[in-house]
Amino acid sequence: MKLTDFTQLSHPTKVPQKPVPSAFQDTSKNPIEIDTNTIKLLERLSLVDLDSDQALATLKSSIQFADKIANINTDNVQPLYTVLEHQQLQLRNDQVTAGNCREDLLRCAKRTDEDYYVSPPGNIPLEQ
């Protein structure tokens, strides 16, 4: 498998090829405190058990990372609509090529009600 040599790019790119020094706000020194009500709410919404110390440490580091990237200065940065800067993207017409297959699709479901799929309820309290 041949790896791409990014030093020999054939097209100019806006993506820096070397690390750009910048001053990020250091949020690691600010201790993150999460109250028990917030933890219970997050457990209920995400259906993830946050009882272990490792889970709480991961949550806190994720919050610190989000806080760090939220403070990045994006002034004068043009938004990308694609990461493929120099490639022409071909759009296609939105045309219906097949249809009337509702019965076939509903037969794939374990359970249906009228013309709808029935799924288990989400975001319910975890059974302990």
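This is a predicted model: local features need pLDDT of at least 70, side-chain atom pairs count only at pLDDT 80 or more; totals for chains, interfaces and linings use all residues.

Reader: Okay, and where is valine 83 placed?

Author: Valine 83 is in the loop that runs between helix H2, residues 53–70, and helix H3, residues 102–107.

Reader: Is valine 83 buried or exposed there?

Author: Valine 83 counts as exposed because its relative accessible area is 72%, and the cut-off for exposed is over 50%.

Reader: What about the chain as a whole, how much of it counts as buried?

Author: Of the 128 residues in the protein chain, 8% count as buried. The accessible surface of the chain comes to about 12,600 Å², and carbon and sulfur atoms account for 54% of that surface.

Reader: Changing topic, how many helices and strands are there?

Author: The protein chain has three helices and two strands, and when you read along the sequence they follow the pattern α-α-α-β-β.

Reader: What is found at the start of helix H1?

Author: Helix H1 covers residues 36–46, and at its start a side-chain oxygen of aspartate 35 reaches to within 3.2 Å of the backbone nitrogen of asparagine 37.

Reader: And which residue follows H1?

Author: Leucine 47 follows H1, and its phi is positive, near 55°.

Reader: Last one, what share of the contacts join residues at least 24 apart?

Author: If we take the contacts in the protein chain between residues at least 6 apart in sequence, 56% of them join residues at least 24 apart.

Methods
Residues are numbered from 1 along each chain as its sequence is written. Side-chain values use heavy atoms; hydrogens and water are left out. Helices (H or I, at least four residues) and strands (E, at least two) are DSSP runs, numbered from the N terminus. Buried means under 20% relative accessible area, exposed over 50%, partly exposed in between (1.4 Å probe, protein chains only). A polar contact is a pair of N or O atoms within 3.5 Å; within protein, one must be able to donate a hydrogen and the other to accept it, and residues adjacent in sequence count only if both atoms are side-chain atoms. Contact means heavy atoms within 4.5 Å. Accessible areas come from the Shrake-Rupley method with a 1.4 Å probe; for residues, only the protein chains shown count as cover.
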